[in-house]
Each structure stands twice: as structure tokens, then as C-alpha cells.
Amino acid sequence: MQIPIFTVDAFTNRPFCGNPAAVCLLENDLDEGLHQKIATEMNLSETAFIRKLHPTDDFTKSSCFGLRWFTPANEVPLCGHATLASAAVLFHIQKNTNSVLTFVTLSGELKTRREKDHIVLDLPLYSTYPQALEEVGELIKAAVGDMIVQDLRYSPDTKKLLVRLSDAYERSVLEKLQVNAQQFLSVEKTGKVKGLILTLKGNSSGKDKGHDFHSRYFAPWYGVLEDPVTGSAHAVLSSYWSEQLGKTEMLAFQCSRRGGELKISLRNDGRVEIAGQFAIVLKGNLTL
């Protein structure tokens with residue numbers, strides 16, 4: 001059996017930047033265990049599987065598909081960058097003729113659309129709530145040492161902990177921070193954290209010009225020590241920073257080693273649109 005597979009760098013327009021995802025096009029149902037085996041073999045933060053919902057569906061003409069995401073370790077309920085990568089494959093390789101594509105996922109129906117050289121993701125917006133430092137003190141210490149934490153929030157819907165560093169820090173401090181994410185697994189005792197976001201308010205001058213906030217994201221609980229650019233984390237960050245900055249339109253930068261930019265627009269219906277560019281870097285076939 002041959003399965004078409006592609007590697008797409010999401011939230012960037014340059015190869016080898018942004019966040020890479022593998023995308024598989026499934027003409028037929030795949031044995032359940034093979035999804036994880038393929039994702040482990042690809043060894044990227046996410047491997048996406050696009051499947052036809054009906055035998056008569058066509059990757060070039062249909063507008064609705066099933067979509068699942070797997071890390072090298074397990075299946076996840078939501079992945080923004082691999083959704084963007086999936087839409088890029090359908091729009092730009094399969095030449096899908098629809099202006100909007102709908103994906104049926106574990107997080108409900110997700111819509112994507114083309115907008116000039118960007119792909120726009122329509123994602124749920126997740127609220128955050130104040131988090132007591134005592135509960136997660138060891139985890140914070142493992143992540144940022146003695147750095148000053150300005151705010152601490154928790155998103156129960158996504159099990160993500162948001163750690164805002166002091167406004168006194170520059171973006172370069174966040175970029176240079178050495179984080180041993182593997183250590184999180186032993187120091188996180190509550191059982192409720194499955195992702196850790198470090199974030200910092202943007203600076204209106206110099207290198208930061210134009211970016212409202214910066215972040216890094218770690219998810220060793222899912223087998224991903226650091227994710228380069230994370231759409232699902234920005235479904236949490238968008239809610240927080242919109243509240244803090246009083247803005248519904250924002251530009252964000254995730255300052256991992258690869259780096260990536262996200263355009264954010266909050267809607268009135270409790271959802272957020274996150275737009276990014278992409279670069280298709282590999283086309284091939286899996287032989288099973």
C-alpha cells in the first residue's frame with residue numbers, strides 16, 4: 001500500500017523555519033495502530049491524517065474531510081500547525097477548488113480558508129483562570145528558575161499552564177532561556193498540566209516591533225519537549241493577551257529556535273482566527 005505523504009513547515013514562508021508537520025492523505029481507512037506507528041516513524045511534533053468521510057469524496061473537489069493528529073507518542077485533540085499544513089496540502093498540492101475546507105476532528109468541526117498567501121484557521125478560544133503558585137511551584141522553578149513571574153494562569157479545557165514573565169524582560173531573554181522540559185514530568189505533581197506556555201509582552205521598539213506578545217511552548221507529556229510554533233497554544237494565548245492588551249487583532253511570535261509568526265483575530269462568537277504562511281518541503285509516498 002502506498003500513502004501520499006508531505007512535510008509542510010507551518011507559520012513561516014521559508015523552508016526549515018516554523019513548525020514542520022507530516023500530512024498523510026488516506027484514500028482508504030487505515031488500521032488503527034498504523035496511525036501511531038507512522039507518526040512515530042516520522043518523528044515530527046505532529047503527523048496529520050486526512051481521510052475521506054464518504055467513498056465518493058475527492059481530495060480536489062470535496063469540502064469536508066476527517067482529520068486526526070498524532071505526536072510520536074500519542075493522539076492529541078487539537079493541533080493548529082498540522083491543520084494549517086493539511087489545508088496547504090489540499091489547497092496547493094491537490095488544487096482543491098473550495099474556498100473553505102471543513103475538518104471533522106476530536107475538537108469538533110474546524111474550518112480553514114485561503115487568504116492571499118496565508119491560510120486562516122478557525123479555532124476555539126480557550127479562557128484562562130488564575131492559578132495558585134503553591135500548586136505548581138516546582139514546575140515553575142524547573143521551567144524558569146528564579147526569573148520573575150508576573151502572572152500565572154491555567155486553561156482547564158486544554159490543560160495548559162500559562163506562565164507570563166515580567167515585562168522587564170526582553171524577548172532575547174526568553175529566546176536564550178535553557179529549559180529542560182524532560183524534568184517537568186517528574187516535578188508536575190497535580191496531574192492537571194499537559195502543556196506549559198512561557199509568554200512575554202511585546203516591546204514596541206527594536207527587534208520586537210509589531211509583535212504584541214512572544215511565547216515558547218513545551219509538552220513533554222505528549223512526547224514533544226519543545227514545539228516550534230503552536231496554533232493550539234495560541235488559542236489560549238489569544239484569550240489571555242486580548243484581555244491584557246484590550247485588543248482583538250494581534251501579531252504574535254513564537255520564539256523557538258525555528259521561530260514563527262501568527263496573525264490573530266478574535267471573533268464575537270467565542271472563536272479565534274489564526275493565520276499563517278507555509279512552505280512545502282517534501283513530497284513522497286509511504287510504502288506499507
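Q: Which strands are included in what covers the buried residues of H1?
A: This is a predicted model, in which local features need pLDDT of at least 70 and side-chain atom pairs count only at pLDDT 80 or more, while totals for chains, interfaces and linings use all residues. Residues are numbered from 1 along each chain as its sequence is written, and side-chain values use heavy atoms, with hydrogens and water left out. Helices (H or I, at least four residues) and strands (E, at least two) are DSSP runs, numbered from the N terminus. Contact means heavy atoms within 4.5 Å. The cover of the buried residues of H1 includes strands S1 (2–10), S2 (19–26), S3 (46–51), S4 (64–70), S5 (75–76) and S18 (278–287).

Q: Which residues of helix H1 are buried, and why do they line one face?
A: An α-helix has 3.6 residues a turn, so residues three or four places apart point the same way. A residue is buried under 20% relative accessible area, exposed over 50% and partly exposed in between (1.4 Å probe, protein chains only). In H1 (residues 32–42), the buried residues are His35, Gln36, Ile38 and Ala39. Seen down the axis of H1, they fall within an arc of 160°, so they line one face of the helix; the arc is that of the directions from the helix axis to the C-beta atoms. On the face turned away from this buried side, H1 carries the exposed residues Lys37 and Glu41. Just after H1, Asn43 has a positive phi of about 60°.

Q: Where does UniProt place the feature "active site", and is that residue buried or exposed?
A: UniProt positions are given in the numbering used here, with feature names shortened, and annotations may be inferred rather than shown by experiment. The unreviewed UniProt entry places "active site" at Glu46. Glu46 belongs to strand S3 and is buried, with a relative accessible area of 8%. Leaving aside neighbours within four places in sequence, the contacts of Glu46 include Trp69, Phe70, Cys79 and His81.

Q: How many salt bridges are there, and which residue pairs with Arg271?
A: Side chains of opposite charge can pair when their charged atoms come close. The rule is a side-chain nitrogen of Lys or Arg within 4 Å of a carboxyl oxygen of Asp or Glu. The count by this rule comes to 19 salt bridges. Arg271 pairs with Asp122, their closest N and O atoms being 2.6 Å apart. This pair links distant parts of the chain, with Arg271 in strand S17 (residues 271–276) and Asp122 in strand S8 (residues 118–124), 149 residues apart. Both Arg271 and Asp122 are buried. They also belong to a network of salt bridges that links Arg113, Glu115, Asp122, Arg267, Asp269, Arg271 and Glu273.

Q: Which salt bridge does Lys189 form, and is Lys189 buried or exposed?
A: The side chain of Lys189 meets that of Glu138 in a salt bridge (3.9 Å, N to O). Glu138 is in helix H3 (residues 133–144), whereas Lys189 is in the loop between helix H5 (184–187) and strand S12 (195–201), 51 residues apart. Lys189 is exposed, with a relative accessible area of 58%.

Q: What does Ala143 touch?
A: Ala143 also lies in helix H3 and is buried at 3% relative accessibility. Not counting residues up to four places away in sequence, Ala143 touches Leu177, Val179, Phe184 and Leu196.
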